[in-house]
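Me: Got a structure open here. Can we run through the charged pairs and then the annotated site?
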Amino acid sequence: MCPRNVDPRIAINMDPNTPRIFDNVYYKNLQQGKGLFTSDQVLFSDPRSRPTVNAWASNSAAFQQAFVTAINKLGRVGVKTRGNGNIRRDCAAFN
């Protein structure tokens, strides 16, 4: 349903209700069938992830805490440097 030849500088909000606020409305939207992408909406339609969507949609503090936990984990991921790493010029191919 996307139009052709769209200006690549145009961004679509994942959460049209509160696009500039970091909150749990994204998960409330999924409960209402308003996920932007099919891959988003499946988080609610799949019984394995639906409980998490419901928990975060109904409890902003739980969502915020889960986010903090995830960001802290990401911060501990080791960055590979020099001979152990590779900064790609093209994400699809090794340099």
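Me: Which side chain meets aspartate 7 in a salt bridge?
Reply: Arginine 9, with an N to O distance of 2.6 Å. Bear in mind that this is a predicted model.

Me: How many salt bridges in total?
Reply: The count is 2. The other pair is aspartate 46 with arginine 48, at 2.6 Å from N to O.

Me: Is aspartate 46 buried or exposed?
Reply: Buried, because its relative accessible area is 17% and the cut-off for buried is under 20%.

Me: New topic. Which residues does the UniProt "binding site" annotation cover?
Reply: Asp15, Thr18 and Asp23, according to an unreviewed entry. Asp15, Thr18 and Asp23 also belong to the lining of the largest pocket.

Me: Where is threonine 18 found?
Reply: In the segment before α1, which spans 25–31. Aspartate 23 is placed in the segment before α1 too.

Me: What polar contact does the side chain of aspartate 23 make?
Reply: One with the side chain of threonine 18, at 2.7 Å.

Me: What else does aspartate 23 contact, leaving aside neighbours within four places in sequence?
Reply: Besides Thr18, aspartate 23 is in contact with Asp15, Phe63 and Gln64.

Notes. Residues are numbered from 1 along each chain as its sequence is written. This is a predicted model: local features need pLDDT of at least 70, side-chain atom pairs count only at pLDDT 80 or more; totals for chains, interfaces and linings use all residues. Side-chain values use heavy atoms; hydrogens and water are left out. A salt bridge is a side-chain nitrogen of Lys or Arg within 4 Å of a carboxyl oxygen of Asp or Glu. Buried means under 20% relative accessible area, exposed over 50%, partly exposed in between (1.4 Å probe, protein chains only). UniProt positions are given in the numbering used here, feature names are shortened, and annotations may be inferred rather than shown by experiment. On a 1 Å grid over the protein atoms alone, a cavity is a set of points where a 1.4 Å probe fits but cannot get out, and a pocket is an open set with protein on both sides within 12 Å along at least five of seven lines; lining residues have an atom within 4 Å of a point. Helices (H or I, at least four residues) and strands (E, at least two) are DSSP runs, numbered from the N terminus. Contact means heavy atoms within 4.5 Å. A polar contact is a pair of N or O atoms within 3.5 Å; within protein, one must be able to donate a hydrogen and the other to accept it, and residues adjacent in sequence count only if both atoms are side-chain atoms.
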